[in-house]
Amino acid sequence: MDRLARLFREPTDDEEPPARRADRAPDTYRSDGGESGTNADGDAEAETGPDAGSGRDARRVAVVVQAPPAGVRRYELTLRAAAAVETVEPGLLTRLFETFDDGSGVVRARAVDVDGNGKTVDAATPLFTVHFEAPVDPETVSVDGTLTGHDEAPVPWSRVRLTPVD
């Protein structure tokens with residue numbers, strides 16, 4: 001149990017997450033289609049999927065990871081959208097999955113791989129899917145946070161996409 005608590009603990013000021021260190025540029029994409037970088041708040045942000053900007057609104061959006069080099073060991077991601085969140089469904093990691101929803105279109109999801117399901121991810125696999133109360137433009141949805149592989153290295157943000165689900 002103590003090991004599990006360490007996986008979910010918040011980093012101290014001395015332990016800044018690797019993806020947010022100021023000494024290197026993050027390997028991320030902006031959801032507005034810009035060059036590799038960060039969002040307006042300075043946080044790492046995934047790019048939207050292939051349907052972004054198509055004008056096609058969706059009530060469900062999946063956070064998808066595409067063949068990370070060392071799988072997915074744990075994540076803590078925050079998704080932001082203009083519509084309120086109705087429900088959140090787990091994807092790849094289901095045993096230790098929890099969400100925190102403030103009711104205004106912001107949801108934080110976190111999970112830890114305790115049974116080895118995330119060691120090898122060969123195809124595009126949803127980490128979780130968010131159902132909104134009203135349709136949203138996928139281009140206006142953003143996600144940021146930390147995503148760690150089984151080698152304890154950050155999963156590159158170039159492997160993360162937001163994909164509308166029919």
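1. Among contacts in the protein between residues at least 6 apart in sequence, 74% join residues at least 24 apart, where contact means heavy atoms within 4.5 Å. The structure is a predicted model, in which local features need pLDDT of at least 70 and side-chain atom pairs count only at pLDDT 80 or more, while totals for chains, interfaces and linings use all residues. Residues are numbered from 1 along each chain as its sequence is written, and side-chain values use heavy atoms, with hydrogens and water left out.

2. On confidence, the mean pLDDT of the protein is 75, and 67% of its residues reach 70 or more; pLDDT is the predictor's confidence in each residue, on a scale from 0 to 100. Over residues 15-45 the pLDDT is below 50, and this stretch has 56 contacts in the model beyond near neighbours in sequence. Residues 47-54 also have pLDDT below 50, with 19 contacts in the model beyond near neighbours in sequence.

3. As to the overall make-up, the protein has one helix and nine strands, which follow the pattern α-β-β-β-β-β-β-β-β-β when read along the sequence. Helices (H or I, at least four residues) and strands (E, at least two) are DSSP runs, numbered from the N terminus. Of the 166 residues in the protein, 42% are buried, a term that stands for under 20% relative accessible area, with exposed being over 50% and partly exposed in between (1.4 Å probe, protein chains only). The protein exposes about 8,600 Å², of which carbon and sulfur atoms supply 45%, with areas taken from the Shrake-Rupley method with a 1.4 Å probe and, for residues, only the protein chains shown counting as cover.

4. Four strands form an open sheet in the order S5-S6-S3-S8, and the pairing is antiparallel; two strands pair if DSSP finds at least two bridges between them. Strand S5 (96-101) and S8 stand at the edges, and because each has a single partner strand, one side of each is left without a neighbour in the sheet.

5. Within this sheet, strand S3 (residues 74-80) and S8 pair in the antiparallel sense over seven bridges, and the bridge partner of Glu-76 in S8 is Thr-146. Thr-148 also has its place in strand S8 (residues 142-148), and this residue is buried, with a relative accessible area of 12%. Not counting residues up to four places away in sequence, Thr-148 touches Gly-71, Val-72, Arg-73, Arg-74, Ala-153, Pro-154 and Val-155.

6. A search of the whole structure finds two aromatic pairs, where rings of Phe, Tyr and Trp (its six-membered ring) pair if their centres lie within 6.5 Å, and planes under 30 degrees apart count as stacked, over 60 as edge-to-face and the rest as tilted. Tyr-75 and Phe-128 form a stacked pair, 6.0 Å centre to centre with 25° between the planes. Since Tyr-75 lies in strand S3 and Phe-128 in strand S7 (residues 124-136), the pair ties together parts that are 53 residues apart in sequence. Tyr-75 is buried at a relative accessible area of 2%, and Phe-128 counts as buried at 0% relative accessibility.

7. The rings of Phe-97 and Phe-128 have their centres 6.4 Å apart and their planes at 45°, so this pair is tilted. Phe-97 in strand S5 and Phe-128 in strand S7 are 31 residues apart, and the pair links distant parts of the chain. Phe-97 is buried, with a relative accessible area of 18%.
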